[in-house]
Amino acid sequence: MATYRANLAATLAAAGRVVYAWPNENITPPAIVLVPGSPYITVSAIGGARCNVRFDITVIVNAADNQAALANIETLIFSVTDLLANNISFLGGWSQPTVQQIGNADMLISQLNVEMVTTN
């Protein structure tokens, strides 16, 4: 699955933002973080060569100014969504933006669940 995670991270880097292919202790916003989704890996058939892998794509912006934070996260959401059009077999909906503390700072985040069909 590391190859699929790396390919997805490379695709998302085209948004011109910092992309973390795994959760990181130190995040510099605006950023995109890939987190294993649930279910993470679904095998289509025992002994089969195909499986599905899910990731939660988390977009993160600084929450210091409410109006600017919401505008920034909306811009990031649309740029990420545009990049995923040809690479994903299932695309969920973006979660309601919420403020979360990451490190020592408040950040505004939103998540999108995506699923990719893979071959072993």
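**Close-up views of a predicted model**

**View 1. Ile88 is a buried residue, with a relative accessible area of 16%.** Buried means under 20% relative accessible area, exposed means over 50%, and partly exposed lies in between (1.4 Å probe, protein chains only). The model is predicted: local features need pLDDT of at least 70, side-chain atom pairs count only at pLDDT 80 or more, and totals for chains, interfaces and linings use all residues. Residues are numbered from 1 along each chain as its sequence is written, and side-chain values use heavy atoms, with hydrogens and water left out. Ile88 sits in the loop between helix 2 (66–84) and strand 4 (90–91). Helices (H or I, at least four residues) and strands (E, at least two) are DSSP runs, numbered from the N terminus. Apart from neighbours within four places in sequence, Ile88 is in contact with Leu8, Val114, Glu115 and Met116; contact means heavy atoms within 4.5 Å. From Ile88 to Asn26 the C-alpha to C-alpha distance is 28 Å, and the two are 62 residues apart in sequence.

**View 2. Helix 1 (residues 2–13) packs against helix 2 at an angle of about 125°, and their axes are 9 Å apart.** Axes are lines fitted to C-alpha atoms, for helices over the stretch in contact, and angles run from 0 to 180 degrees between N-to-C directions. The angle makes helix 1 oblique to helix 2. Angles under 35 degrees count as roughly parallel, over 145 as roughly antiparallel, 65 to 115 as roughly perpendicular, and the rest as oblique. Leu8, Thr11 and Leu12 of helix 1 meet Val80, Leu83 and Leu84 of helix 2. By class, this contact has 5 nonpolar, 1 polar and no charged residues. Ala, Val, Leu, Ile, Met, Phe, Trp, Tyr, Cys and Pro count as nonpolar, Asp, Glu, Lys and Arg as charged, and the others, Gly among them, as polar.

**View 3. A search of the whole structure finds 1 aromatic pair.** The ring centres of Tyr40 and Phe55 are 6.0 Å apart and the planes stand at 75°, so the pair is edge-to-face. Rings of Phe, Tyr and Trp (its six-membered ring) pair if their centres lie within 6.5 Å; planes under 30 degrees apart count as stacked, over 60 as edge-to-face and the rest as tilted. Tyr40 belongs to strand 2 (residues 31–43) and Phe55 to strand 3 (residues 50–62), so the pair ties together parts 15 residues apart in sequence. Tyr40 is partly exposed at 28% relative accessible area, whereas Phe55 is buried at 0% relative accessibility.

**View 4. A cis peptide bond joins Pro29 and Pro30, with omega about -5°.** Pro30 is in the loop between strand 1 (18–20) and strand 2. Ser38 and Pro39 are also joined by a cis peptide bond, with omega about -5°. Pro39 is placed in strand 2. Most peptide bonds are trans.

**View 5. Glu74 is a residue of helix 2.** Its relative accessibility is 39%, so Glu74 counts as partly exposed. Glu74 and Ala49 are 38 Å apart in space, C-alpha to C-alpha, and 25 residues apart in sequence.

**View 6. Ala45 lies in the loop between strand 2 and strand 3.** Ala45 is partly exposed, at 39% relative accessibility. Ala45 and Leu91 are 46 residues apart in sequence, and their C-alpha atoms are 22 Å apart in space.
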